[in-house]
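Thanks for coming, everyone. I have one structure to show, and I'll go through it piece by piece. Here it is.

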Amino acid sequence: MGDLLALERRLHALGARETTVPGVAEAPRAVDAANEALSRHKGDPKLVGLAALALYNAAHADMGAAATVAGECRLIVASLQGCEAESARAAGCWALGALAALEGLRESGERVSLAAAVKKAGAFELFAETLARFPVSSIAHRNATLARGQLRDALDRPEPPLNAHKQWPMFGTHCVMS
């Protein structure tokens, strides 16, 4: 239990809070902590939700972290598929939809589409499952609907991804976990 509490605190400190985006220096640590939570504690809905939000925040802060997150989208989806908690599904769907608007940059200079990674990970299936499982009035249903639209838009968009600009808007980048 102490390990879980320490990991939860680390996720909060490294950018899983709804109003804080980690700096470039913290982004790789946030990705590591979130991946640890998703790999080792996928049965804990609070950690799954926090990890999904931390991955979005890290990817939003740093294009290198975004490239790493692109490779881990399947882990986010798999963790959420095993999670029945509405709050985790709400946070995870929101994070996947928001990730779809980003682009990563590998050390080689290769650009990575997070929209393609989110789609390949099975997000559309996760969104459909969430929409079928939770009532229309629930936050999970609302976020799954929003995320599905964001992913579709990102896959069809001709303009550059959200984080390809020098400065991106900081409004609308928070999620509510019930």
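Start with helix α5 and helix α8, the latter covering residues 139-156. These two pack at an angle of about 15 degrees. Their axes are 8 Å apart. An angle under 35 degrees counts as roughly parallel, so α5 is roughly parallel to α8. The crossing of the pair is left-handed. A word on the model before I go on: it is predicted.

Which residues meet where α5 and α8 touch? From α5, the list includes Glu86, Arg89, Ala90, Ala91 and Cys93. Trp94, Gly97 and Ala98 of α5 are there too. On the α8 side we find Ile139, Ala140, Asn143 and Ala144. Leu146, Ala147 and Gln150 complete the α8 side.

Stay with Ala91 for a moment. Ala91 sits in helix α5. Is Ala91 buried or exposed? Its relative accessibility is 0%, so Ala91 counts as buried. Now look at Gly49. In sequence, Ala91 and Gly49 are 42 residues apart. In space, their C-alpha atoms are 5.2 Å apart.

Next, two residues of helix α8. Leu151 lies in α8. Its relative accessible area is 0%, so Leu151 is buried. What does Leu151 touch, leaving out residues up to four places away in sequence? The answer is Ala100, Ala115, Val118, Lys119, Ala123, Phe124 and Phe127. Take Ala115 from that list. Leu151 and Ala115 are 36 residues apart along the chain. Their C-alpha atoms are separated by 6.2 Å.

His141 is also found in helix α8. Buried means under 20% relative accessible area. His141 has 14%, so His141 is buried. Leaving out residues up to four places away in sequence, His141 touches Leu131, Phe134, Pro135 and Val136. Along the chain, His141 and Phe127 are 14 residues apart. From C-alpha to C-alpha, His141 and Phe127 are separated by 8.4 Å.

Back to α5, with another partner. Helix α4 covers residues 63-81, and helix α5 covers residues 86-99. Their axes come within 10 Å. How do they cross? They cross at roughly 155 degrees. Over 145 degrees counts as roughly antiparallel, and α4 and α5 are therefore roughly antiparallel to each other. α4 passes α5 in a left-handed crossing.

Here are the residues at that meeting. α4 brings Val69, Ile76, Val77, Leu80 and Gln81. α5 brings Ala88, Arg89, Gly92, Cys93, Leu96 and Leu99.

α4 has a further partner, helix α7, residues 123-133. The axes of α4 and α7 come within 10 Å and cross at roughly 20 degrees. That makes α4 roughly parallel to α7. The contact uses Val77, Leu80 and Gln81 of α4. On α7, it uses Ala123, Leu126 and Glu129. α4 passes α7 in a left-handed crossing.

Helix α2 covers residues 27-40, and Ala27 is in it. Ala27 has 0% relative accessibility, so Ala27 counts as buried. How far is Ala27 from His60? Along the chain, they are 33 residues apart. Their C-alpha atoms are separated by 8.9 Å.

Let me turn to a strand. Strand β1 covers residues 103-105, and Glu103 lies in it. Is Glu103 buried or exposed? Its relative accessibility is 13%, so Glu103 counts as buried. What does the side chain of Glu103 make a polar contact with? With the side chain of Arg111, at 2.8 Å.

Finally, the whole chain. It has 8 helices and 2 strands. From the N terminus on, the order is α-α-α-α-α-β-β-α-α-α. There are 178 residues, and buried residues make up 50% of them. The chain exposes about 8,400 Å². Carbon and sulfur atoms supply 54% of that area. Now take contacts between residues at least 6 apart in sequence. Of those, 74% join residues at least 24 apart.

That's my tour. Questions, please.

Notes. Residues are numbered from 1 along each chain as its sequence is written. This is a predicted model: local features need pLDDT of at least 70, side-chain atom pairs count only at pLDDT 80 or more; totals for chains, interfaces and linings use all residues. Side-chain values use heavy atoms; hydrogens and water are left out. Helices (H or I, at least four residues) and strands (E, at least two) are DSSP runs, numbered from the N terminus. Buried means under 20% relative accessible area, exposed over 50%, partly exposed in between (1.4 Å probe, protein chains only). A polar contact is a pair of N or O atoms within 3.5 Å; within protein, one must be able to donate a hydrogen and the other to accept it, and residues adjacent in sequence count only if both atoms are side-chain atoms. Contact means heavy atoms within 4.5 Å. Accessible areas come from the Shrake-Rupley method with a 1.4 Å probe; for residues, only the protein chains shown count as cover. Axes are lines fitted to C-alpha atoms, for helices over the stretch in contact, and angles run from 0 to 180 degrees between N-to-C directions. Angles under 35 degrees count as roughly parallel, over 145 as roughly antiparallel, 65 to 115 as roughly perpendicular and the rest as oblique. A crossing is left-handed if the near helix is turned anticlockwise from the far one by less than a right angle, and right-handed if clockwise.
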